[in-house]
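Work through the exercises below with the sequence and the model in view. Each task is followed by its solution.

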Amino acid sequence: MPYPYVLLSAAVSLDGYLDDTGPERLLLSSPADFDRVDEVRASVDAILIGAGTIRADNPRLLVNSPERRAARVAAGRPAYPLKVAVSGSGDLDPEAKFWHTGGEKVVYTTDKGAERARRVGLGLGGADGGGADVDVVAVGVGLDWRRVLEHLHDVRGVERLMVEGGGTVHTQLLQQGLADELQLVLAPLFVGDPKAPRLFGPGAYQGGRLRLVETRRIEDVVLMRYEPTAPGAGSLPSAADRRWLSLACELATRCPPSSTAFSVGAVIVAADGTELARGHSREGDDPVVHAEEAALAKIEAGDPRLASATVYSSLEPCARRASRPVPCAGLILEAGVRRVVTAWREPDTFVAGADGSGLLAGAGVDVVVLDEYETSAKAPNRHLVG
Ligand SMILES: NC(=O)c1ccc[n+]([C@@H]2O[C@H](COP(=O)([O-])OP(=O)(O)OC[C@H]3O[C@@H](n4cnc5c(N)ncnc54)[C@H](OP(=O)(O)O)[C@@H]3O)[C@@H](O)[C@H]2O)c1
């Protein structure tokens, strides 16, 4: 299922803290950076925080600029993004500013949490009901982030989600491979109190390096934008899977045109997010080479990283081919790769009943089909499939 684009946003001290332990919220950003945050808020469909931040900071989470709100309305959007809270306990102050400012609000909570939240007046219909007009969504005994993201996308129409903390929420989304982007602001001050909240807690993060996509000085703070790069595990897609597959689809557009073969792009990525190789159909001087074949040929046979790598291919690897003895699904199995992410199942255009995904899955490979990329995988093949 498609999820919203998830953008984590936070400011930290030089020693990595999100806040101090005093009663007032510690202001880490500079005025110009608060304005940048306002601009990001104005660009998204929803802003999410954890109940811990509501309790600690009592924030309003608004788009403060009237011009930005007016621009949203002119574009047919609500003046304010949807405000989203998550809480396991349902221990929420119904008088918190979060519920009484801005536009629509929703809280995702457990069944027990929903009972508790409703008991204090959340979800009772605002002015008429006497409580705050909040959509209280009960998600069962525990909160599963994928279900929350799916619900936001499918039911609330959220395409872009900004997450404004706190550390517990950021940590889970990053560790579960659900963050598309991290916008981190480094403020030139120290907190120095081990009891203060940190941005990221302990646990299993992606092994390798994130991709640094931007640094920007804003008065005396620095904004750094990172993208996670690690493939997902097994059948569960990560945000990075989507980015790599989108690159494979982009590579497909670079293929020399052909009326007798598909244009396909492929990327092979190690478990720590390192790109091992990429390829596209008919690249170089080889008029029949396939994308996965071209990429695999650039990696030394027996490279130990292949066993935990993921192959991204805009079209599923072929199961049969006339031009070479071993189809790409066979080459992938020979290389020892155990995970494939693809956008498009092979149509009957050249080979009837081709089922590369079935062949791979039958051999124990995890095959993930992200069909929201099918249109872009098909784009360079329109002359073949209409
Ligand atoms: N500098 C910044 O940019 C920034 C931004 C935001 C916040 N902060 C700071 O961060 C601190 C708060 O961070 P925090 O880590 O304590 O709180 P948090 O991440 O805002 O919220 C944690 C709470 O969210 C709910 N929650 C999160 N994941 C859940 C899950 N998987 N299942 C069920 N419930 C879940 C739980 O609520 P329940 O307890 O209700 O079950 C949990 O206690 C504050 O000091 C705040 O000032 C700083």
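**Exercise 1. Decide whether helix α3 is buried or in the open.**

Solution. Start with the terms. Helices (H or I, at least four residues) and strands (E, at least two) are DSSP runs, numbered from the N terminus. A residue is buried if 20 or more other C-beta atoms lie within 10 Å of its own, exposed if 12 or fewer, and partly exposed in between, with C-beta atoms placed from the backbone. Next, count: α3 has nine residues and the number buried is zero, so this helix lies largely in the open. Just after α3, Gly76 has a positive phi of about 85°.

Two notes apply to every exercise. Residue numbers start from 1 along each chain, following the sequence as written. The model is predicted, so local features need pLDDT of at least 70 and side-chain atom pairs count only at pLDDT 80 or more, while totals for chains, interfaces and linings use all residues.

**Exercise 2. Describe the chain as a whole.**

Solution. First, list the elements: there are 14 helices and 14 strands. Then take the extent, which for the C-alpha trace is about 70 × 45 × 40 Å along the principal axes. Of the 386 residues, 43% are buried.

**Exercise 3. Check the length of helix α1 and find what covers its buried residues.**

Solution. The buried residues of α1 are Asp33, Arg41 and Ala42. Their cover includes α3 (66-74), β2, β6 (160-163) and β7 (181-186).

**Exercise 4. Place Ile47 in the fold and explain why it counts as buried.**

Solution. Ile47 belongs to strand β2 (residues 46-50). It has 24 C-beta neighbours inside 10 Å, and therefore counts as buried. Two residues are in contact if their C-beta atoms, placed from the backbone, lie within 7 Å. Leaving out residues up to four places away in sequence, Ile47 touches Arg41, Leu61, Pro81, Lys83, Val84, Met162 and Glu164. Take Met162: Ile47 and Met162 are 115 residues apart in sequence, but their C-alpha atoms are 4.7 Å apart.

**Exercise 5. Say how the two domains are arranged.**

Solution. The bounds, from an automatic or database domain assignment, are 5-227 for domain 1 and 239-385 for domain 2. Their C-alpha centres lie 37 Å apart. In the contact between them, 10 residues of domain 1 meet seven residues of domain 2. An unreviewed UniProt entry annotates residues 239-366 as "domain: CMP/dCMP-type deaminase"; such annotations may be inferred rather than shown by experiment.

**Exercise 6. Is Pro257 buried or exposed?**

Solution. Pro257 sits in the loop between α9 (239-252) and β10 (265-269). With 9 C-beta neighbours inside 10 Å, Pro257 counts as exposed.
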